[in-house]
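Thanks for asking me to look this one over. Here are my notes, in the order in which I would read them with the model open.

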Amino acid sequence: MSISRGEIEHLASLAHLEFSEEEIGGMVRDLNRILDYVECLEQVDVEGIDPASSGGAGTPLREDRVLPGLDPGEATGGAPMAERDLFKVPPAIEGE
Amino acid sequence: MNSRERALVSIPAGEIPGRIRSGELRARDLAEAVAARIERLDPELGAFLATTPQQARQEADRVDEGVENGKSPGPLAGIPVAIKDNIVTAGVPTTAGSRILEGHVPVYEATVVERLRRAGAVLVGKTNLDEFGMGSSTENSGFRSTRNPWNPDRVSGGSSGGSAAAVAARMAGLALGSDTGGSVRQPAALCGVYGLKPTYGRVSRYGLIAFASSLDQIGGFSRDLPGLALLYQAISGHDERDSTSADRAVEPVPGDGLSRGDGLWPGDGALSESGSGASLRVGFAESFLAHEGVQPEVAEITRKAGRILSSAGLEVQDIELPDPEIGIASYYLLATAEASSNLARYDGVRYGNRASGEGLEGMYRATRSRGFGAEVKRRIMLGTYVLSSGYYDAYYLRAQKVRADLRHRFQRLFESVDVILLPTSPTSAFPLGERVDDPMQMYLADVFTVFANLTGIPGISIPMGLDDGGLPVAVQVLAPAWREDNLFAVAGVIADAVQLPAWPDPGEEVR
């Protein structure tokens, strides 16, 4: 399978990334090289195998009790822009 | 450099707490010696992104005061420890090696760092890494590359290259790293130090900046096995704040001071599977050594390690391991998929840097495109593709099934052997710049290490000396989940038989 330029542009928008013309060319080349390599997985017989999700044993649960967390000042203190303990961001533009 | 400084920084980590408790050594003197050495060597080596000499002095003073007041100063008392910069340290800048987090100062502390502090360790600084843990040479750091202390034109390995180099160069007694596809074991091999990746779930990931959550595990570096054992004991164990951390006791391992005399420590007598009396069975994959890209000297020292174990009475048998290409392929699909999800949070909103763009979406794109390096972007793109509709089944789901199959295969292998012996890295340290333009070439550095991450089993890299070019070579031992004790036992047998070279003094030799 190989990735086209159009697909790269679509993926970039999904991943919130933007690339120059040159970078897109490089990305097409690099990703296709990697996809060629992973073709070897086609040879593995995975018939009837249950996909593993994580290495752990199940999902541990805990009691629903309130524990202390960061206070709003601490939490917003490292933000590029914050005001009144809120994160400040540019407006989302409608109908892009 | 004065000989007193050299003597201090050369004390094996495992010996430091005992000497401090006896009053023979002052933590402050050691902290000063290490700080001076870092200041002198690191501008050239580039192992550290941030150093904390002031804090280190204060922590060392506390240890010394404790000893003076007759208080027990903790199992890691006074040991200078370096922390990979993807592990958060409160009040100390933590960047994950990325420009997108340049200047970021965490407001909380990773569990492993809390545990080290409580154990009396002295934190000397944050070490360089490939950005977000993605890489095998530390050349993907957003800031600089780390040079190999044995040869400045060579890489130190990655992604925990800074930590490995810091320990090899005696700028720290111990160091923490993280291992997702080999990022502790491989740099350990390239820098000639011990590197341990514990079983997945053995060490809390709370405070580890996530790359691939089902593969990441924090591990450690040391120049001596007892020091590594102390580090392992200090950081391991259940943490309520990490639900993937196992709720099980941490068994003693040889060298941690807890188990002498029970037959586990190599010097105590017959090396045996705890209690059973049978000698440990070692699986050796001779066919692996014929793999393309394996340096002949690496193959030779792996066979030598096999002969050492055989002479020590361990039963070495031939085994067939799964094709390493299958490991690399499934690893790079799964890890990048998880990374594309984990790195979605870097958007210029809550932490890190922000670049301006048109509106919110423009801000996200500009921030991420400017803040992330090329390799990170490449992996996010691949991960996004692998998870996207139309491709999920062919790539991600298939890789998950392959992973499940690998787990079963290793479980079956461990029915007939107790440990597996193989190389850590196919080659010794390669030159800086050699693989930066060829991602696939770089990925192949992980051929022998990814199995442990995919299956969750623990692995250790054991230094074996130098190749003809003066560069470290190492072997790797794998064990079933929760059997780190056998990793330490086998490492101990090899350590007793191999004469390691003198530690390097980078920049201070006449070339």
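1. Ground rules. This is a predicted model, in which local features need pLDDT of at least 70 and side-chain atom pairs count only at pLDDT 80 or more, while totals for chains, interfaces and linings use all residues. Residues are numbered from 1 along each chain as its sequence is written, chains are lettered from A and ligands numbered from 1 in the order in which they are written, and side-chain values use heavy atoms, with hydrogens and water left out.

2. Overall fold. Chain B has 17 helices and 13 strands (DSSP runs numbered from the N terminus: H or I of at least four residues for helices, E of at least two for strands). Its radius of gyration is 22 Å, close to the 24 Å from the globule rule for 511 residues, so chain B is as compact as a globular protein of that length (taken over C-alpha atoms; the rule is 2.2 Å times the number of residues to the power 0.38). The C-alpha trace spans about 65 × 50 × 50 Å along its principal axes.

3. Packing. Of the 511 residues in chain B, 66% are buried (under 20% relative accessible area; exposed is over 50% and partly exposed lies in between, with a 1.4 Å probe and protein chains only). Among contacts (heavy atoms within 4.5 Å) with a separation of 6 or more, 75% come from residues 24 or more positions apart.

4. Helix α5. In α5 of chain B (residues 111–118), the buried residues are B:Thr111, B:Val112, B:Val113, B:Arg115 and B:Leu116. Their cover includes strands β2, β3, β6 and β8 and helix α8 of chain B. After α5(B) comes B:Gly120, with a positive phi near 95 degrees.

5. Aromatic pairs. B:Trp150 and B:Trp503 make a tilted pair, 6.1 Å between centres and 55 degrees between planes, linking parts of the chain 353 residues apart. B:Trp150 is buried at 13% relative accessible area, whereas B:Trp503 is partly exposed at 22%.

6. A helix-to-helix pair. B:Tyr232 and B:Phe488 are also tilted, with centres 5.9 Å apart and planes at 45 degrees. B:Tyr232 sits in α8 and B:Phe488 in α17 of chain B, so the pair ties together parts 256 residues apart in sequence. Both are buried, B:Tyr232 at 2% and B:Phe488 at 1%.

Technical notes: Phe/Tyr/Trp six-rings, centres within 6.5 Å; stacked < 30°, edge-to-face > 60°.
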